[in-house]
Amino acid sequence: MELDGKVAIVTGGASGIGQALASQLAGHGVRVVVGDLDESGAQSTASAIRSAGGEAVALRANAAEDADIEALIALAGRQFGPVDIYVANAGVIGKPGLGTESDWDVALDVNLRAHIRAARLLVPQWQSTGSGYFVSVASAAGLLTQLGAAGYAVSKHAAVGFAEWLAVTYGDDGIGVSCVCPLGVETPLLQAIRDVDDPDARLGASAIESSAGVISAADVAAETVEAVRSGRFMVLPHPELLEMYRQKGSDYDRWIAGMRRYQRTLRGL
């Protein structure tokens, strides 16, 4: 996709990967609508883009709510034009362990259903014009798993599955899809689970930090934008993840046994 002049929505754009993606896209001439529950942070991202010579506006929005997604799309239309790129970046780590019913609802709403709801609104428009691009910011947890947090692991697996389905189903209609699966990234989300006083949460943070090097959000954004430009589906900012995924698929029982050993090591058992 040629990016210059395109219009994008980035959810969760107040900080972390979303903020970096909004800035990277704007640097390639994309006009950006930044959405986030943190209105001040979203406005700060948009202001920084404008200060750097780009075009951006911001709106307080819950990425999992139909009405708020519609509001982001409407704002894009008023300010810049029809949406060409939707970056479903907003995510939550969720509660550690098995969680409660309400914990699962939050994780699935933000990490999965938000993507589905956005696609329902945008795919028909993209089909009619023969172009559009959906970026799903998932996680390495969607290809491997996440120790300590069932809701995160399962919802990110589902996000990867939904992105795959979109790519297969609508690729012939001119709709591109990229699925972003980083390992450890230095973001407020990672810092939050470092600070939680819960053994499962600490286990999750340790697993993230020890699996591979913790990289910057800017690194993830740069790799993602290049994937959109080239139309590449799977985005692996940590190249070592590919070999981990291959090992998992080649011998599932061995991989599960290895993950159990890894978990015992992190727990000091």
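## A pair one turn apart

Let's start in helix H4, which spans residues 101-129 of this predicted model. Asp 109 and Arg 113 sit four residues apart there, so about one helical turn separates them. The two form a salt bridge, and their closest N and O atoms are 3.0 Å apart. Side chains of opposite charge can pair when their charged atoms come close.

How exposed are the two partners? Asp 109 is partly exposed, at 23% relative accessibility, and Arg 113 is partly exposed too, with a relative accessible area of 31%.

## Another arginine, another helix

Asp 109 also forms a salt bridge with Arg 117, where the closest N and O atoms are 3.4 Å apart. Arg 117 has a relative accessible area of 18%, and because buried means under 20%, this residue counts as buried.

Now hop over to helix H8, residues 217-230. Arg 229 and Glu 226 lie three residues apart in H8, about one turn of the helix. They form a salt bridge as well, with 3.1 Å between the closest N and O atoms. Arg 229 is partly exposed at 43%, and Glu 226 is partly exposed at 37%. Searching the whole structure turns up four salt bridges.

## The whole chain

Zooming out, the chain has ten helices and nine strands. Its radius of gyration is 18 Å, close to the 18 Å that the globule rule gives for 269 residues, so the chain is as compact as a globular protein of that length. Of those 269 residues, 48% count as buried.

Note on methods:
Residues numbered from 1 in each chain as written. Predicted model: local features only at pLDDT ≥ 70, side-chain atom pairs only at ≥ 80, totals over all residues. Heavy atoms only, no water. Helix = DSSP H or I, 4+ residues; strand = E, 2+ residues; numbered from the N terminus. Rg over C-alpha atoms; globule rule 2.2 N^0.38 Å. Buried < 20%, exposed > 50% of the residue type's maximum accessible area, 1.4 Å probe, protein only. Salt bridge = Lys/Arg side-chain N within 4 Å of Asp/Glu carboxyl O.
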